[in-house]
Amino acid sequence: MIDGRVFVTRRVDDEALRLLKADFVEVDVWEHERPPAPDELRRRAAGCLALVTMLTERVDAALLDAARSVRVVANVATGYDNFDVEAARARGVRLSNTPNVLEETTADLALALLLASARRIVETAEAARNGRWGPWDPRGWLGVDAHGATLGIVGMGKIGGAVARRARGFDMRVRYTSRQRHGDAERETGASFVPTLEELLREADFVSLHVPLTVDTRNLMDKAAFAAMKPSATLINTSRGGVVDQDALLDAVRRGHIRGAALDVTTPEPLPPEHPLFREPRVLITPHIGSATETTRRRMAVMAVRNVIAACAGRHMPSEIA
Ligand code: DGY
């Protein structure tokens with residue numbers, strides 16, 4: 001038994017909580033629907049040995065200084081832009097994330113968004129439900145084809161690769177740009193490398209973002225990037241909202257510089273319902289559901305918990321952030 005308290009910042013899968021309770025003397029779970037506010041988080045973290053956090057919690061110097069007993073923080077997410085890694089390192093706090101369990105699920109969603117926006121699935125389903133289904137019209141509800149189109153993948157990590165594999169099944173031509181070439185992904189998916197983002201944007205009919213949010217990728221899709229895209233092209237974002245300059249996106253959609261966008265991530269989250277992007281018929285927005293299947297969310301929670309248990313027992317963490 002680990003003699004200490006762990007604070008879990010949201011109710012996660014029961015199996016993960018059972019594992020924690022079997023190993024920790026005390027397990028404190030935030031049972032509310034909304035995440036704890038920063039001051040509440042600091043209060044609950046004080047005196048804990050470990051934290052299991054979501055991407056909604058900012059883990060920074062202020063938190064770690066208010067909770068000096070914390071030795072390990074495990075994120076229930078692959079992305080960890082909510083962590084100040086330097087602040088944790090300086091305080092000897094170990095960090096982990098949940099890679100290799102959500103890539104396929106997130107790639108499924110990226111393809112679903114691509115197809116939904118190409119064929120206007122949500123817009124037309126709403127029209128049918130709301131009595132706007134008129135007689136069959138040879139010019140009605142026209143979308144664009146996914147098959148035969150060029151998909152531009154930005155960031156060829158595991159999710160980018162999984163998207164490329166799926167796109168091949170839809171007979172798409174797959175191009176990608178990344179900091180380095182990925183020979184294995186090229187062989188496996190038939191994707192071909194494009195050295196610059198600008199070149200990729202000029203060619204692609206669909207652009208799908210799969211980069212982490214860092215100082216280098218913040219607002220990667222800015223005014224110049226949208227200007228480089230084809231007017232018939234669609235942006236798909238299942239990475240982080242901060243990778244896209246939303247004002248530039250709104251402007252590009254309104255002016256018809258791009259065809260539209262399908263976003264699973266925004267800034268902020270939740271995006272307020274009065275946000276102008278919600279009024280654009282060619283913008284489809286889902287509430288950050290990339291990894292939201294029962295199986296995947298269970299795997300993520302269990303992995304985070306295994307990281308915490310391993311670290312507190314002085315063992316190697318399965319997915320420590322270096
Ligand atoms: C992640 O793991 O970073 C995802 O955004 C969570 O769905």
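# A guided tour of the predicted model

Begin by selecting arginine 240, a buried residue with a relative accessible area of 14%. Here, buried means under 20% relative accessible area, exposed over 50%, and partly exposed in between, with a 1.4 Å probe and protein chains only. The model is predicted, so local features need pLDDT of at least 70 and side-chain atom pairs count only at pLDDT 80 or more, whereas totals for chains, interfaces and linings use all residues. Residues are numbered from 1 along each chain as its sequence is written, and side-chain values use heavy atoms, with hydrogens and water left out.

**Stop 1**

Aspartate 81 is partly exposed, at a relative accessible area of 31%. A salt bridge is a side-chain nitrogen of Lys or Arg within 4 Å of a carboxyl oxygen of Asp or Glu; by this rule the count comes to 27 salt bridges. Helices (H or I, at least four residues) and strands (E, at least two) are DSSP runs, numbered from the N terminus.

**Stop 2: the ligand**

Next, select the ligand. Around the ligand are Leu55, Ala77, Thr78, Gly79, Leu102, Arg240, His288 and Ser291, where a residue counts as near if one of its heavy atoms lies within 4 Å. By class, this shell has three nonpolar, four polar and one charged residues. Now display the distances to ligand oxygen atoms. A side-chain N or O atom of serine 291 is 2.6 Å from a ligand oxygen. For histidine 288, a polar side-chain atom lies 2.8 Å from an oxygen atom of the ligand. With glycine 79, a polar backbone atom is 2.8 Å from a ligand oxygen. Taken alone, the ligand exposes 230 Å², of which the protein buries 91%; accessible areas come from the Shrake-Rupley method with a 1.4 Å probe, and for residues only the protein chains shown count as cover.

**Stop 3**

Select arginine 165 and glutamate 104, whose side chains form a salt bridge (3.0 Å, N to O). This pair also links distant parts of the chain: arginine 165 belongs to helix α7 (residues 158-169) and glutamate 104 to helix α5 (residues 103-118), 61 residues apart.

**Stop 4**

Move to helix α2 (residues 38-45), where glutamate 40 and arginine 43 lie three residues apart, about one turn of the helix. Their side chains meet in a salt bridge (2.7 Å, N to O). Which of the two residues is buried, and which is exposed? Glutamate 40 is buried at 19% relative accessible area, whereas arginine 43 is exposed at 56%.

**Stop 3: helix α12**

Finally, select α12 (residues 294-312). This helix of 19 residues reaches 27 Å from its first C-alpha to its last, close to the 27 Å expected at 1.5 Å a residue; the expected span is 1.5 Å times one less than the number of residues. Its buried residues include Thr296, Met300, Val305 and Asn307. Just after α12, glycine 314 takes a positive phi of about 75 degrees.

Definitions and conventions
A polar contact is a pair of N or O atoms within 3.5 Å; within protein, one must be able to donate a hydrogen and the other to accept it, and residues adjacent in sequence count only if both atoms are side-chain atoms. Ala, Val, Leu, Ile, Met, Phe, Trp, Tyr, Cys and Pro count as nonpolar, Asp, Glu, Lys and Arg as charged, and the others, Gly among them, as polar.
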